[in-house]
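Hi everyone, thanks for coming. Please have a look at the sequence and the structure first, and then I'll walk you through what I found.

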Amino acid sequence: MPLARSLSVTSLSGLEDWDEEFDLEDAVLFEIAWEVANKVGGIYTVIQTKARLTAEEWGENYFLVGPYVESNVRTQVELIEPTNPVLKRTIEKMNASGCKVYFGRWLIEGSPYVVLIDVAFSAWSLDTWKTELWELCDIGVPWFDREANDAVLFGFLTAWLLGEYAAQSEEPPHIVAHFHEWLAGLGLILCRYRQLPVATIFTTHATLLGRYLCAGNVDFYNKLADFNVDKEAGDRQIYHRYCLERSAAHCAHVFTTVSQITAVEAEYLLMRKPDIITPNGLNVKKFSAVHEFQNLHAQSKHRIQEFVRGHFYGHLDFNLDKCLFLFIAGRYEFSNKGADIFLEALARLNYLLRVNHSDVTVIAFFIMPARTNNFNVETLKGQAVRKQLWDTAQTVKERFGKKLYESLLVGQLPDVQKIIDKEDFTIMKRAIFATQRQCQPPVCTHNMLEDSSDPILNCVRRIGLFNSAVDRVKIIFHPEFLSSTSPLLPMDYEEFVRGCHLGVFPSYYEPWGYTPAECTVMGIPSISTNLSGFGCFMEEHIADPSAYGIYILDRRYRGVDESCNQLTSFLFQFCKQSRRQRIIQRNRTERLSELLDWKYLGRYYISARHMALAKAFPDTYMYEPNEPTSTSGFSYPRPASVPPSPSLSRHSSPRHSEVEDNDEEERYDEDAEAEKDRKNIRQPYALPLKNKTSPLGANGNGNGDDDEN
């Protein structure tokens, strides 16, 4: 089915200037989510990274509302007295009425204010509020669904907070309440039912039913119009959750979602077309030195190589300098995240590399948390052996260096036979014998609790990739999130990503996709799909995404086998790139990071809030955006210089030479190409200053830049 364009879609030039000034001095913004100062999933990243931009726009009138989790508060929040007198009276009134509400600063960029509600402390009201929910909305929540029970408590408490704030205000307030996901949605429903003076926004980052349906291996996107949504939700025992989500979407003044692909999904499953698409961004930090990120890549790659040396001790029969590191990371959803198709493509890639006698070795990391009981003994032993070999080499080097120094002092050339004596040879031989190994290097780094039924391990057994010497593709399954304190692979996720060569995310269900976005910001090429929000976004703004290291896999209009062949082709062509071509491609990928900066993407949230204010308070605010017609000014054409891959050569580019040294003859001017790309994207949105006459920018065009730009 064709993708219908919602208002503003993801066209960065689509948001025109507003006819009416928006004076936010009298308005207050509450952003409500279960993941405020409470890391559960990707929404935490959205709120955390966006907070600085929103705090700069709203200043002292911006408050995040979330649940009080003591372990998180101890490390992330500084509890203080409320600075807003109205909010201070509101919190005091609620605490006096049997609630526990805390106020503080979230210790992240922007230091936003947070209002944290202790849900468990008000659990005594659960039955009363469930009864009220049934009488008002005919939504019954079963007693055994703990997450839904928390949603009921959180919803009633946030509605109480907003209602009390309105009651404590001396003048009629202009409140904007932005609710994220179904867990916070009940608060929105109650605000509308109680007719509170609140402009409401509801953002769904992924529909509940969509995630469940995709996990069931159905032809989801081609059968969207055919689903009996009530029956499907009931069959999966999530009907009450689905009702909360759908009701919130319909009650909101403004309904948004994170990508065009999710907008289509929401239109069929939630029965409402989103008003605005609000893509997810990141806080992009540019290095003062243009190629500093390349240096960070080299440093992190070296640390991964050290781990590989230990993991494959005794079977290190491949050249690490010609070894490519691929990875997939995220929630352990075998089919939804595309781990199934990735493994099948790796098996086919292994065959292609072997029959073509390639000297390239591919090591694929699977970073997906699963149930384990400890590290694998063989894996830990490998790192111990590597460290022992290093210590032995250092000992011999010191002895050798001392003898060499003494020989040179007396003016004699050293005699190698005397410098390395029998004791040194004995030490080295013992070290070599210690590296002998009778078994293959392990596929999994941990002891799995459900080894026999684990989807990744079962697939590895089926395709037969057991890290043998003849295989050019090796697999390492790390069923735990990365940590710098790990005794096995002591690296943070960001360091690990920087050290890899390619991120592979062939997801079937991915409303946005922060993992490929993070790769892009760090200058690491990635593979995404046209069923992910990130993939659709990049396809819209880049004429040839693969030239910039963004490979878009077609999983919408191709069958599984065809998609797998396409993924195999992407991987094989990437393996054929020269080192210089990979460096050029990383430079191009990193330049795309500006597209994902909140300085650009934050304007969609600004637009959603203005639209909500205009709908809730039409006498005060007016908002009439124009329908976008193009993405001009934000489209990256295909580079005309060196091809990123041998298979993508054009007549305007010199043919790739088989001789590595001849790469220097290829025409490529990094600075000139970067300057051309900078001209294809406008300056970031200039935040409105409350004391200025124009809330949009110096020239009033909504972009804060000059007309000639």
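**Starting from one phenylalanine**

Let's begin with Phe179, which is in contact (heavy atoms within 4.5 Å) with Ile32, Thr158, Leu162, Ala184, Gly187, Leu188, Cys191, Thr200, Ile201, Phe202 and Thr203, leaving aside its neighbours within four places in sequence.

Before going on, a word about the model: it is predicted, so local features need pLDDT of at least 70 and side-chain atom pairs count only at pLDDT 80 or more, while totals for chains, interfaces and linings use all residues. Residues are numbered from 1 along each chain as its sequence is written, and side-chain values use heavy atoms, with hydrogens and water left out.

Now, which residues touch the most other members of the largest nonpolar core? They are Phe30, Ile32, Leu87, Phe179 and Phe220, in a core of 75 residues. Helix α5 (residues 146–168) gives the most to this core, namely twelve residues. A second, separate core has 69 residues, including Ala339, Ala364, Phe366 and Ile456. By nonpolar core I mean a set of buried Ala, Val, Leu, Ile, Met, Phe, Trp, Tyr and Cys residues joined through side-chain atoms within 4.5 Å. Buried means under 20% relative accessible area, exposed is over 50%, and partly exposed is in between, using a 1.4 Å probe and protein chains only. In soluble globular proteins, nonpolar side chains tend to be buried together.

**The whole chain**

Let's zoom out. The protein chain has 23 helices and 17 strands; these are DSSP runs numbered from the N terminus, with helices being H or I of at least four residues and strands being E of at least two. Of its 709 residues, 58% count as buried. Among contacts between residues at least 6 apart in sequence, 74% join residues at least 24 apart. The chain exposes about 30,200 Å², and carbon and sulfur atoms supply 50% of that; accessible areas come from the Shrake-Rupley method with a 1.4 Å probe, and for residues only the protein chains shown count as cover.

**Strands in the middle**

Next, please find strand β2 (residues 62–67). Six of its six residues are buried, so β2 is largely enclosed by the rest of the structure. Strand β1 (residues 27–32) runs parallel to β2, joined by four bridges, and Glu31 has Leu64 as its bridge partner in β2. Between these two strands the chain passes through helix α1 (residues 42–58), and this β-α-β crossover is right-handed. That means that, with the strands pointing away from the viewer, the path from the first strand over the helix to the second runs clockwise.

β2 also runs parallel to strand β5 (residues 113–117), with five bridges joining them. Val65 has Val115 of β5 as its bridge partner, and Pro67 stands opposite Ile117. Two strands pair if DSSP finds at least two bridges between them.

Are the faces of β5 buried or exposed? Both are covered: Tyr113, Val115 and Ile117 are buried on one side, and Val114 and Leu116 on the other. With five of its five residues buried, β5 is therefore largely enclosed by the rest of the structure. Strand β4 (residues 101–106) pairs with β5 in the antiparallel sense over five bridges, and Val101 has Ile117 as its partner. β4 and β5 form a hairpin with six residues between them, and Gly110 in the turn has a positive phi of about 95°.

**Two helices**

Helix α10 (residues 260–269) has eight of its ten residues buried, so α10 too is largely enclosed by the rest of the structure. Its buried residues are Gln260, Ile261, Thr262, Ala263, Val264, Glu265, Ala266 and Leu269. They pack against several elements, among them α7 (208–215), α9 (239–251) and α19 (533–541). Just after α10, Met271 takes a positive phi of about 65°.

The other helix is α13 (residues 377–409), where you'll find Thr392. Thr392 is buried, with a relative accessible area of 15%, and it touches Ile427 and Ala431, not counting residues up to four places away in sequence.

**Last stop: the cysteines**

Cys323 counts as buried at 4% relative accessibility, and Cys444 counts as buried at 8%.
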